[in-house]
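Here are my notes on this one, point by point. Have the structure open while you read.

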Amino acid sequence: MAMLKLTKDLIDAAVLGGCVLGGGGGGSMEEGRQIANIALSLSSVELVDIEDMNDDNILINVSAVGQFYKNFAQVSGEEVMEILKKYISPSPDMA
């Protein structure tokens, strides 16, 4: 699968699509957008096939669906931002 570099427009479309096609459990569209925009501000964000991942790649999942999700503590957008800032440095092309 080819890599797709995510942009603000693509993320907005993905958040809207997730709202329409999501598996339930609630969640805030605005918080999803906020988390995605934080990631974009820190580095480039790419959608890749899991088979194309290398051992040194970083994979961040900020979603879960259904009853399984309700068993986990929720993390706010602000908490996600602090975690991302702590562990991911801006890439040289984002500076």
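1. Among contacts (heavy atoms within 4.5 Å) in the protein chain between residues at least 6 apart in sequence, 84% join residues at least 24 apart. Keep in mind that this is a predicted model, where local features need pLDDT of at least 70, side-chain atom pairs count only at pLDDT 80 or more, and totals for chains, interfaces and linings use all residues. Numbering starts from 1 along each chain as its sequence is written, and side-chain values use heavy atoms, with hydrogens and water left out.

2. The chain has three helices and two strands, in the order β-α-α-β-α from the N terminus. These are DSSP runs: helices are H or I, at least four residues, and strands are E, at least two, numbered from the N terminus. Of the 95 residues, 15% count as buried (under 20% relative accessible area, 1.4 Å probe, protein chains only).

3. Now for a helix pair: α1 (residues 8-21) and α2 (residues 29-42) pack at an angle of about 150°, with axes 10 Å apart. Axes are lines fitted to C-alpha atoms over the stretch in contact, and angles run from 0 to 180 degrees between N-to-C directions. The two helices are therefore roughly antiparallel (over 145 degrees).

4. Who meets whom? In α1, Lys8, Ile11, Asp12, Val15, Leu16 and Cys19 meet Met29, Gly32, Arg33, Ala36, Asn37 and Leu40 in α2.

5. Have a look at Arg33, which sits in α2. Its side chain makes a polar contact of 3.2 Å with that of Asp12 (a pair of N or O atoms within 3.5 Å, where one must be able to donate a hydrogen and the other to accept it; residues adjacent in sequence count only if both atoms are side-chain atoms). Leaving aside residues up to four places away in sequence, Arg33 touches Asp12 and Val15.

Key:
Angles under 35 degrees count as roughly parallel, over 145 as roughly antiparallel, 65 to 115 as roughly perpendicular and the rest as oblique. Buried means under 20% relative accessible area, exposed over 50%, partly exposed in between (1.4 Å probe, protein chains only).
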